Amino acid sequence: TWRVQRRFTRDLRRELSRMRSVLFLALLVTSSALPLSPTGENWAVLVAGSNTWMNYRHQADVYHAYQLMKKHGIDDSHIIVMHFDDIAHNKENPTPGIVVNKPNGTNVYVNVPKDYTGLEVTVENFLAVLRGEKSADGRVLESGPNDHVFINFVDHGAPGLVAFPLERMYADDFFNAIQDMHDAKMFSKLVIYMEACEAGSMFLDIMPDDMNVYVVTASNSTQSSYACYFDSERKTYLGDVFSIKWMEDDDKKPVIESQTLQKQFELVKKETATSNVSRYGDMRFTEAHLDEFMSGHPTNVSETHVYKTLKSAFSNPVAPPLPPKPCKHAVSSRDVSLAVLFHQMTLTANKEELETLRKSLNNEIMLREKIIAALDAAATESLKIAGFTNEAVLSDVMTQPGRPQNFDCYRPVVEHFSSNCFDLSQHDFAFGQLFKLSNLCERGISAETIKTALSSVCV
């Protein structure tokens with residue numbers, strides 16, 4: 001029996017040693033995190049910036065995000081939703097009142113708040129919501145210095161801008177609102193997930209790494225984001241690759257309780273094979289768990305880390321989730337209109353309908369060629385007026401990715417193009433050509449010169 005007692009004593013010492021190590025680790029985590037602070041609350045702002053049936057997926061993504069926030073305990077009083085609300089009861093919807101975000105999915109439209117709908121979905125209202133300004137048409141953030149805020153934005157994008165139904169929000173305006181939130185102590189930590197083409201350009205060289213703002217984007221500063229899940233019954237795409245990857249991950253309750261921002265980024269980046277999921281801003285709190293931002297649990301970072309470190313050490317490990325199913329029919333957001341027409345052509349056996357669809361497809365291709373030709377001609381004319389004759393300069397303007405810094409030039413020329421050439425609210429493809437206008441501005445060519453050139457070619 002003395003051998004048994006000695007073995008028991010030895011095992012007990014090892015367990016005590018392990019417990020001391022775990023406690024030390026927990027204390028180390030809390031000491032390296034932010035100082036212990038009073039319990040805060042979680043807030044969410046969810047925005048779909050588009051409209052029309054063709055863009056069904058954007059509102060479906062946001063409705064899914066709302067269901068996630070509710071499922072994990074955030075009260076409606078702490079969730080603000082902006083959506084045009086034109087797809088649930090759209091005449092093209094074969095299931096009126098039902099919106100799904102994946103094939104055979106559940107109805108994500110159930111009980112979605114209508115804080116801002118239709119023409120209320122504006123840049124002015126969105127920025128007022130973030131700043132907590134009562135000038136907005138509806139509810140606004142009322143968060144404080146101990147709170148966590150989560151922003152999910154979904155729509156089209158271009159270098160240095162993202163779209164709203166009838167207008168654009170530029171990177172400098174968005175950052176200024178975030179800076180105002182920071183200065184007004186409206187958050188302890190802010191997390192932004194953005195689904196848009198070239199979403200990274202909204203934050204690259206703009207978002208500092210010390211503001212407690214962490215950003216994940218569907219694409220880097222030069223790439224398109226991708227649509228996913230074409231539905232033959234609804235004849236449109238149901239979701240976007242990045243969005244469905246992070247939300248289908250969050251759908252699993254054990255994941256949101258145990259997974260960190262870092263782990264989710266790694267997983268979603270790996271699974272989103274269509275574009276480079278990127279991140280910007282403050283990386284100091286990437287070990288925070290998802291439920292510290294996407295659930296109704298009280299927010300106290302230090303205590304949460306202690307609890308979860310101990311729980312992880314002394315609990316049975318949770319089995320890893322099954323790998324997600326691949327997204328079929330993923331297509332660049334810029335090519336969705338073409339892809340939808342192509343799918344519709346393969347689904348019909350009616351010769352008359354097929355001919356109508358073929359004409360629509362040809363018209364769409366011709367329209368794209370006109371958009372490209374107009375911007376190429378405007379770029380050439382702008383350089384000529386400004387005295388640039390070097391072919392290499394023209395080549396750079398036509399081919400190099402846009403990196404807008406001079407928004408005093410870029411903003412008015414984009415708006416002039418939309419008003420006088422091709423309405424960006426109606427022609428999603430044109431967003432993919434705006435880099436040329438950015439490149440002209442960054443070459444030092446004045447906004448007035450570029451606008452003159454645009455007016456000469458857009459007649």
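This is a predicted model: local features need pLDDT of at least 70, side-chain atom pairs count only at pLDDT 80 or more; totals for chains, interfaces and linings use all residues.

Q: Where does Thr-286 sit in the chain?
A: Thr-286 belongs to the loop between strand E11 (278-281) and helix H8 (291-294).

Q: And which residues does Thr-286 touch?
A: Leaving aside residues up to four places away in sequence, Thr-286 touches Tyr-214, Thr-260, Leu-261, Gln-262 and Arg-279.

Q: E11 came up there. What is the strand order of the open sheet of six strands?
A: The order is E2-E1-E3-E7-E8-E11, with mixed pairing. Strand E2 (79-82) and E11 stand at the edges; each has a single partner strand, so one side of each lacks a neighbour in the sheet. From one strand to the next, the twist averages 10 degrees.

Q: How many bridges join E3 to E7?
A: Seven bridges join strand E3 (residues 148-154) to strand E7 (residues 189-195), and the two run parallel. Phe-150 stands opposite Val-191 in E7.

Q: Which strands does helix H5 lie across?
A: Helix H5 (residues 241-250) lies across E3, E7 and strand E8 (213-217), and runs at about 135 degrees to E7.

Q: Now the open sheet of three strands: what is its order?
A: That sheet has the order E4-E5-E6 and antiparallel pairing. Strand E4 (157-158) and strand E6 (168-170) are at the edges with a single partner strand each, so one side of each is without a neighbour in the sheet. E4 pairs with strand E5 (residues 161-163) over two bridges, and Gly-157 stands opposite Val-162 in E5.

Q: What about helix H13, at what angle does it run to E6?
A: Helix H13 (residues 407-420) lies across E5 and E6 and runs at about 170 degrees to E6.

Q: Changing topic: which residues of helix H15 are buried?
A: In helix H15 (residues 447-457), the buried residues are Ala-447, Thr-449, Ile-450, Ala-453 and Leu-454. They are on the same side of H15, because they cover an arc of only 165 degrees around the axis.

Q: What covers the buried residues of H15?
A: The cover includes helix H11 (351-386), H13 and helix H14 (435-442).

Q: Finally, the whole protein: how many helices and strands, and what share of residues is buried?
A: The protein has 15 helices and twelve strands. Of its 459 residues, 54% count as buried.

Terms used. Residues are numbered from 1 along each chain as its sequence is written. Side-chain values use heavy atoms; hydrogens and water are left out. Helices (H or I, at least four residues) and strands (E, at least two) are DSSP runs, numbered from the N terminus. Contact means heavy atoms within 4.5 Å. Buried means under 20% relative accessible area, exposed over 50%, partly exposed in between (1.4 Å probe, protein chains only). Two strands pair if DSSP finds at least two bridges between them. Axes are lines fitted to C-alpha atoms, for helices over the stretch in contact, and angles run from 0 to 180 degrees between N-to-C directions. The arc is that of the directions from the helix axis to the C-beta atoms.
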